[in-house]
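Reader: I have a new model open and would like to learn how to read it. Could you walk me through it step by step?

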Amino acid sequence: MKKDYSILIGGQAGQGSRRAGLIIAKLFNQLGYRIFIYDDYQSLIKGGHNFSKIRVSEKQVLSQRLKIDFLLALDKKTIEKHKNDLADNGIIIYNSDKIKEKQGIGVPIETTVRELGGISIMANTALISAFAKIIGVERKILEKVLKKEIKKGIDLNLKIARKTYNETKNLIKIDKVEKQILPLLSGNEAISLGMIKADLDLYIAYPMTPATGILHYLVSHQKYFNISACQFENEISVINTAIGGAFAGARTAVGTSGGGFALMVEALSLAAQSETPILIIESQRMSPASGVPTCTAQSDLLFTLTAGHGDFLRFVIAPGDAEQSFFWAGKALNLCWKYQTPSILLVDKEISESTFSFNKNLLENIKYEKPLLWHKEKEYKRYRITKNGISPLAFPGQKNIVSKANSYEHDEFGITVDDEKAVEKMQLKRLRKFQSMREEVEKLKAVEVYGNKTSEKAIVAWGSTIGPVKEIVEELNIKLIQPIIVEPFPEKQMKKALKGVKKLISVELNALGQMEKVLNCYGIKPNERILKYNGRPFLPEELREKISKIL
Amino acid sequence: MKKNNTGLNTYCENTWCPGCGNFGILQAFKQAIISLEKKGMPRENVVVVSGIGCNSKITDYLNLNSFTSLHGRPITSAQGIKLANINLKVIVFSGDGGSYNEGISHLIHAAKRNNDITVLVSDNRNFALTTGQFTATSPKGFKGVSSPEGNIETPFNPLEIILSSKATFIARGYSAKIEHLENLIIEGIKHKGFSFIEILQPCVSFFNNYQFYQERVYELKKHDFTSLKEAQEKIKEWDYIDETKKIPIGIFYKIKKPTYEEAVLNRLNLSKKEKQVNLKKALNDHL
């Protein structure tokens, strides 16, 4: 039997289902499974309905599945909402103190906690322990994970765990997988590590879901990583402060979602004009305006490509999972500095807040790449005219230099100009730089191809959507093409990837087909499109049905 | 200023109107830099930051490290520069339009954080570079191109706002009193923390209140700079409205408080670059 299970744990906000979901994932992690956790929650602090769906598999997985093998309910609503998605042999395990249910296994988790003198949040420990016993996880593994994950009141938690474990009957035996145990990272954590590997100095943000996790992670690891992570009064301050820091030599990044990015756009243009390196993480959520703030979408692609007044090029890079996000966050920071340009790492809620198994060996793929620095060869001019359009960098505080950056059009030294020759000269310098950026993209692996590479039928998908699509292309024996760098567009690599393709289906999480519009600009015309715009990611099952119909 | 032996001038043509108050501010600033240099401040550590407006052209006229930022945003650029390198002396040149209108949130929050930067606001009480519209400090009744019938808004007193925002150095200068202003700028740059100097600056083209200031401006006598109460009283002597009142210039308030940069950087150890070493250890938390 294929080792691939889905566990759903749900409850009200404040009941701790998300944390419990992570602990369950770590139990399976100890058994050698690969993990993907999808978190579904609402924009509220108490009440409502939150759930985590934990997919565990012997193979790497990047998507949830529709059917649930184990439904763990802290409250009644969880059963009501998800009962219909239970797989044929699925098991319901529920809080019998709150729920009267005929089907499944009731566990008196609240009573146990009360009897042992615990607090209500510890009911999660009881539910996890009951689940562990039911599926045959050894007690020592359960206790090892609990000890690692629970810092407060661990002795009491272990008491609760032991009592529940002893009093629950074992039903089945989940097999171990003979694989190396991998760290579990959210996309936001992977992005953070990528930036750290590329020598990030300063991260600045204003809280905005789903990017806030980056701020939390970096602030709490400042000492580990030897960086500064700060929160400022609004996104306008955030990006302008970051640009100031980069001008003075610090490798800086900011993170936000669509609405916050909208506020940053004026300064995006400043970064381009002043040629200041700045990495912007844009984690998309369901828009327009305040939209559905805790739900996902891929609807800021065209916005990030065109944001900012005036003519300028920026890198827009859209990785599809945690491992890609790690790599491209680091690479993007290096690219910012190599080309003295703003870059945007475009992810979404599904990447930022989902949890993935992460291959540690990938860490070596990113390191600090030294930018072009001034070596006292000639008098320092911030905007020295060069062949490839890139001017050597020096920073305030260095002896014998005056570094002048300017948001106005400027001469080589950085003094404001408006005469036609001087204006054109500097525009030409930047145009040469843009050409260098275009050439760089073709040297990188800007397009990934999966599945049957010789198939005449192909899906084009980007960002987090590759997760569910990857599973389906393998089943249907067709090709998946993923453009990762979208600006400058990797025309040559896309042409190569599309060679021999007769039927192309575009799949994305937005209402207007934004990637399709981009492809159209380069003469690529998908024959069909599958769009979804209800704030939820695609499920492999629904994609299989839709794609099969078209093929 | 014709003599250029200070090395502080650039080849950029000065385009301020003849008689503009900004000339006095530029002169006072250059003198302040030379004076501070004599006391040991390396010139390469000075960074001037400006935004958009007549006064912000000053970055082009100074042969110093500079960042010419967006309208209303130079304070944010400056705080980033300081965070990146705490050895730098970062001085912001802004106008009333930039700091009291477009970017007032940054002014308030930088003061609250006590970012270790110096902010000089040339307050000519109108948007001059866009030909004379009203700003937050334009008097009620000010007739400009966007208020031909007279400004219907009442101005605020920026010093009151900055005091309530917890700035640790607050002063007012006057562009026609160059030496006095020079000393304020020196004190402001020397101050550890957020130093704020409002500079009254007549605008010869759109709001020439030179005579008005000449008749009313007086220099504050020595007083207890650390007294909030005294600062409040003196700041409220003139409210930017009442024409019968005298206008005090000088230092109103000056206290010691840890700077934002100290608080941020003390948590770290940026002098030693050991960034990569703990990454694998960090990953172990995720197993």
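Reader: Let me start with one residue: in which helix of chain A does Lys163(A) lie?

Author: Lys163(A) lies in helix H6 of chain A. Helices (H or I, at least four residues) and strands (E, at least two) are DSSP runs, numbered from the N terminus. Before we go on, please note that this is a predicted model, in which local features need pLDDT of at least 70 and side-chain atom pairs count only at pLDDT 80 or more, while totals for chains, interfaces and linings use all residues. Residues are numbered from 1 along each chain as its sequence is written, and chains are lettered from A and ligands numbered from 1 in the order in which they are written.

Reader: Is Lys163(A) buried, exposed or partly exposed?

Author: A residue is buried if 20 or more other C-beta atoms, placed from the backbone, lie within 10 Å of its own, exposed if 12 or fewer, and partly exposed in between. Lys163(A) is partly exposed because 16 other C-beta atoms lie within 10 Å. Compare Lys151(A), in the loop between helix H5 (139–149) and helix H6 (154–167) of chain A: Lys151(A) counts as exposed because it has 7 C-beta neighbours inside 10 Å.

Reader: Which residues does Lys163(A) touch, leaving out those up to four places away in sequence?

Author: Two residues are in contact if their C-beta atoms, placed from the backbone, lie within 7 Å. By that rule, Lys163(A) touches Thr112(A) and Leu116(A).

Reader: Into which domains is chain A divided?

Author: Domain bounds come from an automatic or database domain assignment. For chain A they give domain 1 (4–167), domain 2 (185–365) and domain 3 (447–550). The centres of domain 1 and domain 2 of chain A, taken over C-alpha atoms, are 33 Å apart. Where these two domains of chain A meet, 13 residues of domain 1 are in contact with eight residues of domain 2. On the domain 1 side, helix H1 (17–30) and strand E2 (34–40) of chain A are the elements that give two or more residues, and E2(A) has the largest share, with six residues.

Reader: How many residues does each chain bring to the contact between chain A and chain B?

Author: Chain B brings 44 residues and chain A brings 51 residues. H3(B) supplies the largest share of the chain B side, eight residues. To sort that side by class, count Ala, Val, Leu, Ile, Met, Phe, Trp, Tyr, Cys and Pro as nonpolar, Asp, Glu, Lys and Arg as charged, and the others, Gly among them, as polar. The side of chain B that touches chain A then has 18 nonpolar, 20 polar and six charged residues.

Reader: In which sense do strand E15 of chain A and E2(B) pair?

Author: Strands of a sheet pair through backbone hydrogen bonds, either parallel or antiparallel. Two strands count as paired if DSSP finds at least two bridges between them. Strand E15 (residues 404–406) of chain A and E2(B) pair in the parallel sense over three bridges, and Lys404(A) stands opposite Ser66(B).

Reader: What order do the strands take in the open sheet?

Author: The nine strands run E15(A)-E2(B)-E1(B)-E3(B)-E4(B)-E6(B)-E5(B)-E8(B)-E7(B), with mixed pairing. E15 of chain A and strand E7 (217–219) of chain B stand at the edges, each with a single partner strand, so one side of each has no neighbour in the sheet. Within this sheet, strand E1 (residues 46–50) of chain B pairs with E2(B) in the parallel sense over four bridges, and the partner of Ser50(B) in E2(B) is Thr68(B).
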